[in-house]
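Open the model in your viewer and keep the selection panel at hand.

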Amino acid sequence: MSEVVPLRASDSAAVMMMLLAEDQTARILSELEPDELRMLGEKMCALGEISPEIIAQAITGFVEKTEKLGLVAHNRVGQVRSMMHRAIGEVKTENLMRRIVPEQPKTSTLELARWLNAEALVPLVKDEHPQTIAVLLIQLDPEVAAEVLHSLPAEIQPQIIHRIATLGPVAPPALEMLEELLNQRITECHGQRPLQMGGAHEAAEIINGTGKVTEKRIMSELSKLDKPMAKRIEEEMFKFEHLFVLEPMAMGALLRDVPSDALIDALKGIGEEERNFFFRAMSSRAADGVKDEIAARGRTKLSDVVAAQKEIVTIARKLAAEGTIVFGSGDDDYV
């Protein structure tokens, strides 16, 4: 067996990133500085075949370091906020975090500026004094700083470079002034981003839980008040699961208009019991054929399943509008 060459720290980190699930890797990458992110990305892309010995070496090195370091507290509030945001949404998270951590330091505008591209930065500083621009540029990634400099008027470029080269220590008040300037310019150029609340999806989720009688009454009145919005909410309310209430004859009418590939992908995303709602509307031979195709299809991307289910829902809505199929049998059912 050939001797395993010891991994450099950056190579070991790249291997560890490739071993994690994508969402875990994304959370870690979001904590890195721009130059660290670029270097690690290059290492990850450059990895070829990774042998078991290399994987073992990377994991061993990771374990040894974590035994010494423990669990660091860096950006713990940000980590908790991110987890809660994914679990309960933006609005509930912000309300909850205000109670958990009442006094939270604001994110530095200079820190945010390090993540902007040159196109976004140039309007913020194009008319400023060369000294101000110099203080900003030295805090950016060199490649981004070069792009910003290139986009500024030619006559001030030498002055900016001279000030960067002779800058020396920068007093805290100077950085505070730059923060204030960037805040002002960002507001002037882009406005203040409002917190997005509500929407057709949220309204549909609430209505879906009110019961059929209340749902029908609300949607009827809403159609009179704002027909386009009522239609958008109705589209959000109509889920693939609503097809399960179709009678076999109506389901058969739907399936005649559904492409075979869309049906296979859509059924891959639900359980055997739910698939039976569709199989009951088919002949035994047709149902067996679909089951064989599902088994032969192998693993299917979730995005393909969702797209296929949306396609079938769209066809069902069209047929329902034409009166070809009906959902439910009474006035209180979803139509």
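Select residues 118–125, helix α8, and residues 142–151, helix α10. Their axes come within 9 Å and cross at roughly 50 degrees. Axes are lines fitted to C-alpha atoms over the stretch in contact, with angles from 0 to 180 degrees between N-to-C directions. The crossing of α8 past α10 is right-handed (near helix turned clockwise from the far one by less than a right angle).

This is a predicted model, where local features need pLDDT of at least 70 and side-chain atom pairs pLDDT 80 or more, while totals for chains, interfaces and linings use all residues. Residues are numbered from 1 along each chain as its sequence is written, and side-chain values use heavy atoms, without hydrogens or water.

Next, select residues 260–268, helix α17, and residues 302–322, helix α20. Here the axes lie 8 Å apart, at an angle of about 120 degrees. That makes α17 oblique to α20. The crossing is left-handed. Show side chains: on α17, Ala262, Leu263, Asp265, Ala266 and Lys268 are in contact (heavy atoms within 4.5 Å). Their partners on α20 are Asp304, Val305, Ala308, Gln309, Glu311 and Ile312.

Now zoom out. The chain has 20 helices and zero strands (DSSP runs: H or I, at least four residues; E, at least two). Of its 335 residues, 28% are buried (under 20% relative accessible area, 1.4 Å probe, protein chains only).

Terms used. Angles under 35 degrees count as roughly parallel, over 145 as roughly antiparallel, 65 to 115 as roughly perpendicular and the rest as oblique. Buried means under 20% relative accessible area, exposed over 50%, partly exposed in between (1.4 Å probe, protein chains only).
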